[in-house]
Amino acid sequence: MAERDWFLSELQHRGVSRREFVGFCSVMASALALPAAAGARIAEAIASKQKPTLIWLEFQDCAGNTESFLRAERPTVAEVVLDTLSVDYHETIMAAAGARAEELRDKTARDKKGTYLVIVEGSIPMGADGAYCTIGGRSAIDIAREVCEGAAATIAIGTCAAFGGLPAAAPNPTSALGVSDALPHLKHVINLPACPANPENLCALIVYFLTFNRWPPLDALRRPLFAHGKTIHDNCERRAHFDAGQYVELWGDEGHRTGYCLYKMGCKGPVTSQNCPNVRWNGGTNWPIGCGHPCIGCAEPDFWDTMTPFYSHLPNVPGFGLHTPVDKVGLWATAGVATAFAAHGLVQIGKRWLGSDEPTKEARS
Amino acid sequence: MTHVVVDPVTRIEGHLRIEAEVEGGMVRDAWSSSTMFRGIEIILKGRDPRDAWAFAQRICGVCTTVHAIASIRAVENAVGAVPPPNARLLRNLIMATQMVQDHVVHFYHLHALDWVDIVSALSADPAKTSALAESISDWPLSSASYFTGVRDRVKGFVERGQLGPFANAYWGHPAYKLPPEANLMAVAHYLEALDWQREIIKIHAVLGGKNPHLQSFLVGGMATPVDPDKQASINMGSLQGIRELLAKARDFVHRVYIPDVLAVASFYKDWAAHGAGVGNYLVYGEYPEGEGQEPNLFLPAGILRNRDLSKVEPVDTSKISEYVTHSWFAYDGGDDKGLHPTAGETRPNYTGPKPPYDRLDTAGKYSWLKAPRYDGVAMEVGPLSRMLVAYASGQPQVKAAVDFVLQKLGVGAGALFSTLGRIAARAIETLVLVDHVETYVDELADNMGRGDLSIADTSKWEPSTWPREASGAGFHEAPRGALGHWVHIRDGVIANYQIVVPSTWNAGPRDASGQRGPYESALLETPVADPEQPVEILRTIHSFDPCMACGVHVVDAKRRELAYVRAS
């Protein structure tokens, strides 16, 4: 009960009424595709939960996911939800430095073994005995192994942590891997990709966990279905223009200004699964296609290699043109993604088979 | 002699390690090491130059616009694309917003906790805090009950034993000088700034789809259409939204950030005597106002040497060279000569201790950063460099703002060459920009009203319009300082890509002659009361606003094999 009072007074202090909070929980319920009544259950769960501990590790990262996390919206309420985590280690924001920072991380990992959450941002380099990324003199893989193995669950946030991302783009100079590839035996890994990940999705993921004490259903790439269950193309506000054959032909032309489909400018929306069109960014302000630029496919594995050149429209589609039925695009898209994923999977199998700890990116493509 | 290691240096972007020798309560020598490498230039090789901005942008998610800007400018320079006025204005708006947001976040969330003691805030009297706040600003969130709420909130954290990100810091250290009331006020503004930054960065979402990693950059212009009569374009409604957010930005900067910087600085004036550093300053200049090859720049370019404000030299980028003598890279012609970025030739060559390690071999190679030099000399880049060059050049807005701050603090211009000077310069720059940025909105609105809806030079979009070989350079003043990208294009793809980044200039190691980099130099003679709690080292390092992921670049585009030499 004390926990609950504390939480509600916390909300009040931040100018959030109980009513608003329950409203927020209903929004979360709908983001998670749950029945509306689940909102009350979420509110109950969040308000009464012990504050779970979080360790946020940064490896080969750009801090873009950290920055994204700091933009979490659904005004103030989402921040409160995130505040209800005790963020014991996060290099970008924590006050302690050096040995004292490491002490905190090690103490949490020791004292709360099996109960804390880990968020990993950035890929893990396997080359040069780990010297491509060290913290306090220890390699990223060494720290990741120790901290993630003792966690209740690991969230790989952003495409680098999920799939290797930019550092793993060909020719993968540092033999960088995503978390689940670097630590293949690790259990309870959830990938929350995109470059950066959308803070609303992180928020929804955490709320889900706090509510049900389990993680949401995942796709084959360990991404939550609530955020990655449909393609950008399926939900795009410009879809009608695609169907009508109305395309942007030149930057700044009449079609571009009117909001026509960006397919011909290279849009990767048809082969990218992410909820950008619904959730949008920065508190629903906008999203990339909304500002006039094609989707670059940032939530998909290896997008830096498979989705480039970014401005070439989806390439080598036999017979695809203005007169091709839309279904065919969908078919191609499914086939393309399936091929990419199959290749990814094969490398995983091969890697385990060969026992190699330094797979190169070339091997994947 | 005590050997102090600070690793990880927290509250920065990326991975930084500082090693220092401390004797007699003072730093006698220091080494700055970047401990993470990705190899983004290697990855860029063979790619479509029009894609390069998106790759380069991911160098950093904090200064999330800067590498995209420098990259599109470099490629435009190479292929001869000329962005139209609207693209220039959209970019200026994006860059200035980034600068303002980044500087405020740096002060409150990355730097303040070196000066503000959170635990001390618990013993503050809210009524006195209110009186203090009202004496320095008319910001409305200043009542005693407001500060009581903030204090109780922090108290809640402490009593629950869940201090989260505030745990285990150097609280109570004698170097913390603020009275409890000033600490409490700063803590309140720390929390307010968290909300504020999330709001004003929506300007980026309007103009770039999202932040971090805006997605509207384009070689030749911008991908954001402008049209007063269209729903899917930047129209008068979007511009009005931007104006409202800019008003919020101005309000907070004038009524919270500037008064806080002045108040905090007044307790730490002794830090105007520490952290001077190399005393040479490099600025490429920024915010083109007008068209053509050499438009007027709102913040001027220039070089200052030896803290001499009487002479501003023009910048000659051919004088830039990078050394790898103490960096984990190798040059074909030997590691002791410097190379210009266009001749950039390097390969990763890790010779450090095998992790886990306790000490770096600072006599040998010890960082993933190269050591850039201008005319053979180490240069500091960043807000202090920009404000000094603008001040010395007589830029009127900067001159007025610098004089205002110096007068408020009761110090002379000499105080600027210091740790405190960097903090003041960042605040001054924010003030100047936040008051100026709306002119870009005005100009954009004027253009749209006259029917000028052009956003991109599409004549050079297709690679078939490019020469077989083309080279270009793109320069930008990022929040952390002078940034340069150099690109060489052959047969429509990137043959070579080199980046010389602000944090490479500032955080780089020694060069062939043993000359220290700016961080290393600035740490000399920094007082350290307790080597176990080196908060003073953090103060000077954070005053530069390190961005380590940015700093590490470099790669030989010609070589793909990676040679490793392991220390035996």
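This note reviews a predicted model of chains A and B, point by point.

1. Basis of the model. Residues are numbered from 1 along each chain as its sequence is written, and chains are lettered from A in the order in which they are written. As the model is predicted, local features need pLDDT of at least 70 and side-chain atom pairs count only at pLDDT 80 or more, while totals for chains, interfaces and linings use all residues.

2. Contact between the chains. Chain B gives 82 residues and chain A gives 74 residues to the contact, two residues being in contact if their C-beta atoms, placed from the backbone, lie within 7 Å. On the side of chain B that touches chain A, the elements giving two or more residues are strand E1 (2-6) and helices H1 (40-44), H2 (52-57), H7 (144-159), H8 (180-200) and H9 (202-208). Helices (H or I, at least four residues) and strands (E, at least two) are DSSP runs, numbered from the N terminus. H9(B) supplies the largest share of that side, 5 residues. By class, the side has 39 nonpolar, 25 polar and 18 charged residues; Ala, Val, Leu, Ile, Met, Phe, Trp, Tyr, Cys and Pro count as nonpolar, Asp, Glu, Lys and Arg as charged, and the others, Gly among them, as polar.

3. Domains of chain A. Chain A is divided into domain 1 (51-227) and domain 2 (232-340), with bounds from an automatic or database domain assignment. The contact takes 15 residues from domain 1 and 13 residues from domain 2. On the domain 1 side, helix H8 (158-163) and helix H10 (199-212) of chain A each give two or more residues. The residues of this side divide into 9 nonpolar, 3 polar and 3 charged.

4. Nonpolar core. The largest nonpolar core has 285 residues, and those touching the most other members are A:Val118, A:Val120, A:Ile124, A:Ala144, B:Ala424 and B:Ile428. Such a core is a set of buried Ala, Val, Leu, Ile, Met, Phe, Trp, Tyr and Cys residues joined through C-beta atoms within 7 Å. Helix H4 (residues 85-111) of chain B gives the largest share, 14 residues. Both domains of chain A give residues to this core, so it lies between them. Leaving aside neighbours within four places in sequence, B:Ala424 is in contact with B:Val261, B:Ala265, B:Val405 and B:Leu416.

5. Helix H10 of chain B. The 32 residues of this helix (residues 236-267) should span 46 Å at 1.5 Å a residue, and the end C-alpha atoms are 46 Å apart, which agrees; the expected span is 1.5 Å times one less than the number of residues.

6. B:Pro84. This residue is found in the loop between helix H3 (66-79) and H4 of chain B. B:Pro84 counts as buried because it has 20 C-beta neighbours inside 10 Å; 20 or more is buried, 12 or fewer exposed, and in between partly exposed, with C-beta atoms placed from the backbone. B:Pro84 and B:Ile455 are 371 residues apart in sequence, yet 6.1 Å apart in space, C-alpha to C-alpha.

7. Backbone geometry. The peptide bond from A:Cys195 to A:Pro196 is cis, with omega near -5°, as is that from B:Asn211 to B:Pro212, with omega near 0°. B:Asn306, not a glycine, has a positive phi of about 50° and counts as exposed, with 9 C-beta neighbours inside 10 Å.
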